[in-house]
Amino acid sequence: MPFAANALAPLPPNALALRLGHLGLLPFVLGALLVWLVGGRNAEAHAWISFALSAYAALILSFLGGIYWGLGFRSPHTSAQPFVWGVLPSLGAWIALVMPAYAGLVLHGVMLIVCYLVDRRLYPALGAAAWLTLRFRLSSVAALCCFLAAAGS
């Protein structure tokens, strides 16, 4: 059965979640900045910073997929779609994490954008449409940081 849009009460964003979401951008911004600042000066530090940023992006993508499981649990009429989609970001993030940083960070950035596009389609049916503005802001900055760091790797 498809998502039951009428069965789910809207989930409005709360102030703490907004603040924590924005604070979650710090590792992306700091990681991308450090990739460029360290550059070729210290190959070991550069590799570690690139990997750390890639690992953080993988964690965030896994978190984004997990949101679908939580939203799916809210409704007794939800199809398998949110649960199936919920595991795909983790799988893609894992693949990106084991790639060289210059390629993996690009894949992470693309996946952050794809996750947002899927959210735009599925969040309204799951009662989470009010979160899309925050998701756009966070995904845009995180993806940009991944692309910038990949260019510096």
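Buried here means under 20% relative accessible area, exposed means over 50%, and partly exposed is anything in between (1.4 Å probe, protein chains only).

A quick word on the ground rules. This is a predicted model, where local features need pLDDT of at least 70, side-chain atom pairs count only at pLDDT 80 or more, and totals for chains, interfaces and linings use all residues. Residues are numbered from 1 along each chain as its sequence is written, and side-chain values use heavy atoms, with hydrogens and water left out.

Back to Ile-60, which sits in helix H3; helices (H or I, at least four residues) are DSSP runs, numbered from the N terminus. Its C-alpha is 17 Å from that of Met-99, 39 residues away along the chain. Ala-52 is also found in H3, and for Ala-52 and Phe-28, 24 residues apart along the chain, the C-alpha separation is 9.7 Å.

Here's how some residues score on accessibility:

| Residue | Relative accessible area | Class |
|---|---|---|
| Leu-88 | 42% | partly exposed |
| Ala-52 | 29% | partly exposed |
| Arg-135 | 7% | buried |
| Asp-119 | 2% | buried |

H3 (43–73) and H4 (81–97) each supply at least two patch residues, with H4 giving the largest share, 4 residues.

H4 also packs against H5 (residues 101–122), at an angle of about 170° and with the axes 9 Å apart. The axes are lines fitted to C-alpha atoms over the stretch in contact, and angles run from 0 to 180 degrees between N-to-C directions. H4 and H5 are therefore roughly antiparallel, a label for angles over 145 degrees.

How many salt bridges does a search of the whole structure find? It finds 1, counting a side-chain nitrogen of Lys or Arg within 4 Å of a carboxyl oxygen of Asp or Glu. Arg-135 and Asp-119 meet in a salt bridge at 2.5 Å, N to O. That pair links distant parts of the chain, with Arg-135 in H6 (residues 132–152) and Asp-119 in H5, 16 residues apart.

Conventions. Parallel < 35°, antiparallel > 145°, perpendicular 65-115°, else oblique.
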